[in-house]
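Here is a friendly note to read beside the sequence and the model. Please keep both open while you go through the points.

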Amino acid sequence: MSKVWFITGAGSGIGTGIAKAALRTGDRVVATGRNLDKVRNALRDVASEKLAFVQLDVADEAQAKAAVEQAMKQFGRIDVAVNNAGYSLLGNFEEMTGPELESQLATNFYGVVHVMRAVLPVLRKQRSGHIINISSMAGVIGYKHCAAYAASKFAVEGLSLSVAPEVEQFGIKLTLVEPGFFRTDLLGEQNVKWPSEVIEDYANEGKPKEVWSAYNGTQQGDPEKLGEVLVKIASIANPPKQFYAGSDAVAGIRQALESRLQEIKDHEALSKSTDGSF
Ligand SMILES: NC(=O)c1ccc[n+]([C@@H]2O[C@H](COP(=O)([O-])OP(=O)(O)OC[C@H]3O[C@@H](n4cnc5c(N)ncnc54)[C@H](OP(=O)(O)O)[C@@H]3O)[C@@H](O)[C@H]2O)c1
């Protein structure tokens, strides 16, 4: 059966890849973004009556509600809601200001919260639906210069893994996607944010901007292929709760989980020594 997709941040990268893949299978797509001209432009080659464009800055809760209402008016249902919109604030934690950190969470975490709060009543009423939250390898592993971004993605993981068992009873599925490095605009000069303060003590370790900018344009992951894989995942009866996208994500997350298991083994007796007696 053809599905209706609701995608945030559909004007570039992974969001555009998902929208195009869904349209190729004959599904309908509500492509949202805060700059609608950009979204229209990214999808101009696939424009049809199966594609609707809706304004949505995910940091704005009222816009999320209005966008879901507009999607319902347009297509009458939502089957797959993809929380994809995001950006990265990179750099040493101490050099970030409070407002810079808050903005990162406002988009990457509260953006997901706003869309989930708007879309869950629809899916609950339908007694079906699938929420796909685009997290990151940095939502499972902490990285240097990634404190703000990783915190926002870890928060998305905790939110998703906790809401999933609450809504399963209504036929609602939830999948977290943890991509490795994908060749998109995420690390582009115009998108990535850097802390505005400089603390000289950190200078010895080099400039985070130089380290991270080197990845831009050289990432292995293909957002079009990820789009196709997510369309497949949306058609599985029991989709994965966490999906690792790309061989770098598979290797990195496997190593992180194995070393965590090892830590459990290494300190198991100490861990259990905190148990109280009845
Ligand atoms: N590429 C990677 O290596 C990678 C790895 C792990 C996870 N991810 C995640 O994948 C998702 C998609 O990123 P991408 O790699 O495709 O990068 P991208 O090409 O920069 O796409 C991000 C999209 O999010 C939109 N966006 C940002 N803030 C928004 C807001 N407040 N409201 C609505 N839209 C907003 C951007 O729109 P504007 O043009 O308006 O800014 C842009 O279209 C992100 O959540 C990212 O964290 C990416």
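1. Let us begin with His 145, which counts as buried at 9% relative accessibility; buried means under 20% relative accessible area, exposed over 50%, and partly exposed in between, with a 1.4 Å probe and protein chains only. His 145 sits in the loop between β5 and α6. Its phi is near 75°, a positive value in a residue other than glycine. Helices (H or I, at least four residues) and strands (E, at least two) are DSSP runs, numbered from the N terminus.

2. A word on the basis of this note: the model is predicted, local features need pLDDT of at least 70, side-chain atom pairs count only at pLDDT 80 or more, and totals for chains, interfaces and linings use all residues. Residues are numbered from 1 along each chain as its sequence is written, and side-chain values use heavy atoms, with hydrogens and water left out.

3. Another backbone angle to look at belongs to Arg 127, which is not a glycine and yet has a positive phi of about 60°. You will find Arg 127 in the loop between α5 and β5 (129-134).

4. Now turn to the ligand. Which of the 27 residues around the ligand come nearest? They are Arg 34, Lys 38, Tyr 149, Phe 182 and Thr 184; a residue is near a molecule if one of its heavy atoms lies within 4 Å of it. The shell around the ligand divides into 10 nonpolar, 12 polar and five charged residues. In this sorting, Ala, Val, Leu, Ile, Met, Phe, Trp, Tyr, Cys and Pro count as nonpolar, Asp, Glu, Lys and Arg as charged, and the others, Gly among them, as polar. Helices α1 (13-24) and α6 (147-167) each supply at least two residues of this shell.

5. An oxygen atom of the ligand lies 2.7 Å from a polar side-chain atom of Arg 34. For Asp 57, an N or O atom in the side chain is 2.9 Å from a nitrogen atom of the ligand. Asn 84 takes part through its backbone, with an N or O atom 2.8 Å from an oxygen atom of the ligand. The ligand taken alone exposes 880 Å², and the protein buries 94% of that; accessible areas come from the Shrake-Rupley method with a 1.4 Å probe, and for residues only the protein chains shown count as cover.

6. Helix α4 (residues 98-108) has a buried side. Glu 100, Gln 104, Thr 107 and Asn 108 are buried there. They lie on the same side of α4 because they cover an arc of only 85° around the axis, the arc being that of the directions from the helix axis to the C-beta atoms. The buried residues of α4 pack against α5 (110-126) and α6, while the face turned away from the buried side carries the exposed residues Pro 99 and Glu 102.

7. Not counting residues up to four places away in sequence, Thr 107 touches Val 58, Ala 59, Ala 85, Gly 86, Tyr 87 and Val 112, where contact means heavy atoms within 4.5 Å.

8. Leaving aside neighbours within four places in sequence, its contacts include Gln 104, Tyr 149 and Leu 186.

9. Ile 78 is in the loop between α3 (61-75) and β4 (80-83) and is buried, with a relative accessible area of 0%. Among the residues it touches, not counting those up to four places away in sequence, are Val 4, Phe 6, Met 72 and Leu 123.

10. Strand β5 holds Ile 134, which is buried with a relative accessible area of 6%. Ile 134 and Val 177 are 43 residues apart in sequence and 4.8 Å apart in space, C-alpha to C-alpha.

11. Finally, look at Lys 265 in helix α9 (residues 247-266). Lys 265 is exposed, with a relative accessible area of 55%.

How values were computed: A polar contact is a pair of N or O atoms within 3.5 Å; within protein, one must be able to donate a hydrogen and the other to accept it, and residues adjacent in sequence count only if both atoms are side-chain atoms.
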